[in-house]
Amino acid sequence: MFTGLIEILGVVSDIKQIDTTKSGGNGWSITLSNATDILGDCHIGDSIAVNGTCLTVTEYTKDSFKVGVAPETLRCTNLGELKVGSKVNLERAMDSKKRFGGHMVQGHVDTTVKIASIKPEVNSIWYTLQLSQADKDKMRYIIPKGYVCLDGTSLTVCDVNDDALTFSIMMIAHTQEHVIMPSKKVGDTVNLEVDILAKYALKSIEEAIKTNAGIESLVKRVLKA
């Protein structure tokens, strides 16, 4: 579990599509460097979010760590677009001893969205994000003043256009200095994780309607009143 508050920016130092080492497990691996500040308490098996994607540490040094990336993860995220030298957002799993800022982030990316527009306003930046037709069902989890996780960053939704399949966020100057989003341009992809609580709430409501259990309970309460 994560908060969506990025700790540091790491740098991709190695990518292997077939990593035959023990820590690579004969699959896709990514090694991230410039990560000293978050590795002081690191252990093999720890979870670290890379651009909002919860990944498992399989090897680490004082400055770098390696993670394995499953085929499903590559399909659902923008991690397959990374190159050696790419900067990434990094956040360790939530520490129960610290204040819980941001919002509840699983690190389970739902899909990627494209940056449709970038518009500065004073010292902040408006970003409009576009979902694909294939992902239009995700729009029901995105509401004004709700929150989304973009490349691992917890952000507040400002506007939503369900017909156009777009939503917008505004990024303050402080956040701009600590995340990778300002380095991206129109057309680039961004990892999106929608609100997990909205998913659970909608599923519960849909199930109640389907079985009439929720409606029946509501009628009984009204009749007793």
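These legends describe close-up views of a predicted model.

**View 1. The largest nonpolar core.** This core has 24 residues, and those touching the most other members are Leu 129, Ile 142, Leu 150, Phe 167 and Ile 169. Two or more residues each come from β7 (111-121), β8 (124-130), β9 (147-150), β10 (153-161), β11 (166-171) and β12 (189-193). Another core lies apart from it, with 20 residues that include Val 12, Ile 30, Leu 39 and Leu 90. In soluble globular proteins, nonpolar side chains tend to be buried together.

**View 2**

**View 3. The hairpin of β7 and β8.** These two strands pair in the antiparallel sense over 7 bridges, and Lys 114 stands opposite Gln 130 in β8. The hairpin has 2 residues between its strands. Val 122, in the turn, has a positive phi of about 55°.

**View 4. The pairing of β8 with β11.** The strands β8 and β11 run antiparallel and are joined by 6 bridges. Trp 126 stands opposite Met 170 in β11.

**View 5. A nonpolar surface patch.** Met 1, Met 94, Phe 100, Met 104, Leu 197 and Tyr 200 make a patch of about 590 Å². Met 104 is in the loop between β6 (87-92) and β7.

How values were computed
Residues numbered from 1 in each chain as written. Predicted model: local features only at pLDDT ≥ 70, side-chain atom pairs only at ≥ 80, totals over all residues. Heavy atoms only, no water. Core = buried A, V, L, I, M, F, W, Y, C linked by side-chain atoms within 4.5 Å. Buried < 20%, exposed > 50% of the residue type's maximum accessible area, 1.4 Å probe, protein only. Helix = DSSP H or I, 4+ residues; strand = E, 2+ residues; numbered from the N terminus. Pairing = 2+ DSSP bridges. Patch = residues over 30% accessible without salt bridge, like charges linked within 9 Å, V, L, I, M, F, W, Y side chains within 5 Å. Areas by Shrake-Rupley, 256 points an atom, 1.4 Å probe, with all protein chains shown as cover. Salt bridge = Lys/Arg side-chain N within 4 Å of Asp/Glu carboxyl O.
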